[in-house]
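Student: I would like to learn how to read a structure like this one. Could we go through it feature by feature?

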Amino acid sequence: MLRDGAEENVQLCVYVDEKCVVDLYGTAIGDKNYNAETVQTIYSSGKSIESIAMAMLYGKGLFKYEDSVAKHWPEFGQNGKENVKICDVFRHQSGLSWFTETIPSVQDAWTESIKKNKIGALIENQKQHFPKKGKTEYHAQTRGLIINELVRRYGNTGCGGFK
């Protein structure tokens, strides 16, 4: 990927049983600011994994797609979000296509920080915002974070979870 110029910067980090077994990064353009701590946008690659994880939980009868997010994550229901349904998040209709605050540090997205609800608290405090026409607005950078917070709240159900 780097040699043929398909990408400017790349990262690959693989964890097995919470242990990092592969941690690679590289730059084809000599970007001195790019390193292992740089946040890397991967766009749509997480949607399949999110969908599979939630489908497994659905199959165990732990939720319905029509449930409000707040039913399973009560703190989410702040600031007018009490009626946002899980299916709204999947359909990019939750009114959270972007956050009004940025994640302060890449460390806030690390497992230990997620366990401490750093990302969850940021999402809980958000207010909805919709486009001028309709309800749908692509949740490119937020959907995975919201779904991750739902999945981890189910704890150890045989589908993973961070609790």
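Student: How much of Y58 is accessible, and is Y58 buried, exposed or partly exposed?

Tutor: The idea is to compare a relative accessible area with two cut-offs: under 20% is buried, and over 50% is exposed. This is a predicted model, and in it Y58 has a relative accessibility of 43%, so Y58 counts as partly exposed. Y58 lies in helix α1.

Student: What does Y58 touch, apart from its neighbours within four places in sequence?

Tutor: With those neighbours set aside, Y58 is in contact with F63, K64 and Y65.

Student: How is a pair of aromatic rings described?

Tutor: Two values are used: the distance of the centres and the angle of the planes. The count for this model comes to 7 aromatic pairs. One of them joins Y58 and Y65, with 5.1 Å from centre to centre and 35° between the planes, and this pair is tilted. Like Y58, Y65 is partly exposed, with a relative accessible area of 24%.

Student: Why is the pair of W73 and F76 called tilted?

Tutor: The planes of W73 and F76 are at 45°, so the pair is tilted; the ring centres are 5.2 Å apart.

Student: Are W73 and F76 buried or exposed?

Tutor: W73 is buried, with a relative accessible area of 0%. F76 counts as buried too, at 0% relative accessibility.

Student: Which residue lies over the face of F76?

Tutor: That residue is K81, at 5.1 Å from the ring centre of F76.

Student: Which residues form an aromatic cluster?

Tutor: One aromatic cluster is formed by Y58, F63, Y65, F90 and Y154. Of these, F63 and Y65 were already listed as contacts of Y58.

Student: How should I read the chain as a whole?

Tutor: Begin with the secondary structure, then turn to totals. The protein chain has 6 helices and 2 strands, and along the sequence they follow the pattern β-β-α-α-α-α-α-α. The C-alpha atoms fill a box of roughly 50 × 40 × 25 Å, taken along the principal axes.

Student: What share of the 163 residues is buried?

Tutor: Buried residues make up 34% of the chain. The accessible surface comes to about 10300 Å², and 52% of it belongs to carbon and sulfur atoms.

Student: What share of the contacts joins residues 24 or more positions apart?

Tutor: Among contacts with a separation of 6 or more, such residues account for 59%.

Student: Which residues other than glycine have a positive phi?

Tutor: D17 has a phi near 50° and is found in the loop between β1 and β2. At 75% relative accessibility, D17 counts as exposed. N79 has a phi near 55° and is found in the loop between α2 and α3. N79 is partly exposed, with a relative accessible area of 37%.

Student: What is N79 in contact with, leaving aside neighbours within four places in sequence?

Tutor: N79 is in contact with E124, N125, Q126, K127 and Q128. Sequence distance and distance in space can be read side by side here: N79 and Q128 are 49 residues apart in sequence, and 7.7 Å apart in space, C-alpha to C-alpha.

Definitions and conventions
Residues are numbered from 1 along each chain as its sequence is written. This is a predicted model: local features need pLDDT of at least 70, side-chain atom pairs count only at pLDDT 80 or more; totals for chains, interfaces and linings use all residues. Side-chain values use heavy atoms; hydrogens and water are left out. Rings of Phe, Tyr and Trp (its six-membered ring) pair if their centres lie within 6.5 Å; planes under 30 degrees apart count as stacked, over 60 as edge-to-face and the rest as tilted. Buried means under 20% relative accessible area, exposed over 50%, partly exposed in between (1.4 Å probe, protein chains only). A charge sits over a ring if NZ of Lys or CZ of Arg is within 6 Å of the ring centre and within 35 degrees of the ring normal. Helices (H or I, at least four residues) and strands (E, at least two) are DSSP runs, numbered from the N terminus. Contact means heavy atoms within 4.5 Å. Accessible areas come from the Shrake-Rupley method with a 1.4 Å probe; for residues, only the protein chains shown count as cover.
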